[in-house]
Amino acid sequence: MIEFDRLTKSYGDLLAVENLSLNVAPGQVYALLGPNGAGKTTALRCLATLLAPSAGAVRVAGYDSRREPLQVRRHLGFLAASMGLYERLTPRELLLYFAELQGVPGGGRAARVAEVLELFEIVPFADRLCGRLSTGQRQRVSIARAVVHDPPALVLDEPTLGLDVLSGETIRRFIHGARASGRAVLFSTHQMDEVELLADRVGIIAGGRLVAEGTTEEIVAASGEKNLARAFLHIVREAA
Ligand SMILES: Nc1ncnc2c1ncn2[C@@H]1O[C@H](COP(=O)(O)OP(=O)(O)OP(=O)(O)O)[C@@H](O)[C@H]1O
Ligand SMILES: [Mg+2]
């Protein structure tokens, strides 16, 4: 469902992502780990059609990001690590607007928006201006916005960044539900506990290259360390 096929992306002389291949199947949750500057956001932005690959390809639901960007966007829910909201709209207005943009049919729009307002616990502040929301409230609206068209592929760049324990739990529950209903989920994070709780597969990216991949258990075992946090340090140091 989500496919990186030897993706390479450079910014001028800087090689940010090199020959990255990975797949996420329907019903699978894949966690992308890597130190700051490893290339995670760059790779995810290529997938979301926001950056053009320098070489290789990325596909969503079989659609190529360069040849069929509109189809890619329609099949993808993308949460950027830092996403602006329209400050002068309320969450309800914003979600209705994006539901329309993403092709949710008029008759079902209000119901779908009500559903995501519930799902991400936005109801108490659904009619306040986005410009007046707290960091965690904004983050939940951003995720709701990314998934309002109920796409089959979800790509979430640090979805629980800035969230308290309760809100983090709301997002984790959402990801579990998405998996149960056959969505493919790819997310990046710096929190190892989240990976252990959620991910069917883990990829570790360092210096733009995928340096380890497998289940949490496989990665820990291959590193000879006793948990994922130590395995991560070990693998990243070795790669450097
Ligand atoms: N627009 C840009 N122009 C030039 N270089 C960039 C640009 N965006 C990112 N880079 C560089 O590309 C490399 C990869 O950055 P990227 O944001 O993909 O890392 P990341 O893995 O998402 O890191 P983090 O964990 O800090 O979010 C870094 O060296 C970064 O400085
Ligand atoms: Mg990033």
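Two residues are taken to be in contact if their C-beta atoms, placed from the backbone, lie within 7 Å. Helices (H or I, at least four residues) and strands (E, at least two) are DSSP runs, numbered from the N terminus. The structure is a predicted model, in which local features need pLDDT of at least 70 and side-chain atom pairs count only at pLDDT 80 or more, while totals for chains, interfaces and linings use all residues. Residues are numbered from 1 along each chain as its sequence is written, and chains are lettered from A and ligands numbered from 1 in the order in which they are written.

The protein contains 9 helices and 10 strands. Its radius of gyration, taken over C-alpha atoms, is 18 Å, close to the 18 Å given for 240 residues by the globule rule, so the protein is as compact as a globular protein of that length. The globule rule is 2.2 Å times the number of residues to the power 0.38. The C-alpha trace spans about 50 × 40 × 30 Å along its principal axes. Of the 240 residues, 43% are buried, that is, have 20 or more other C-beta atoms within 10 Å of their own; residues with 12 or fewer are exposed, and those in between are partly exposed, with C-beta atoms placed from the backbone. Among contacts with a separation of 6 or more, 66% join residues 24 or more positions apart.

An open sheet is formed by 4 strands in the order β2-β1-β4-β5, with antiparallel pairing; strands pair if DSSP finds at least two bridges between them. Its edge strands, β2 (14–24) and β5 (63–64), each pair on one side only. Helix α1 (residues 40–47) packs on this sheet and touches β1 (2–11), β2 and β4. Strand β4 (residues 55–60) is joined to β5 by 2 bridges, and Arg59 has Asp64 of β5 as its bridge partner.

Pro91 lies in helix α3 (residues 91–101). Pro91 is buried, with 28 other C-beta atoms within 10 Å. Beyond its neighbours within four places in sequence, Pro91 contacts Ile122, Phe125, Ala126, Cys130 and Val141. Its C-alpha atom is 9.9 Å from that of Gly131, 40 residues apart along the chain.

In helix α8 (residues 216–223), the buried residues are Thr216, Ile219 and Val220. They fall within an arc of 95 degrees seen down the helix axis, so they line one face of α8; the arc is that of the directions from the helix axis to the C-beta atoms. Their cover includes α7 (192–198), β9 (201–206), β10 (209–214) and α9 (228–239). Exposed Glu217 and Ala221 sit on the face turned away from the buried side.

Conventions: Axes are lines fitted to C-alpha atoms, for helices over the stretch in contact, and angles run from 0 to 180 degrees between N-to-C directions.
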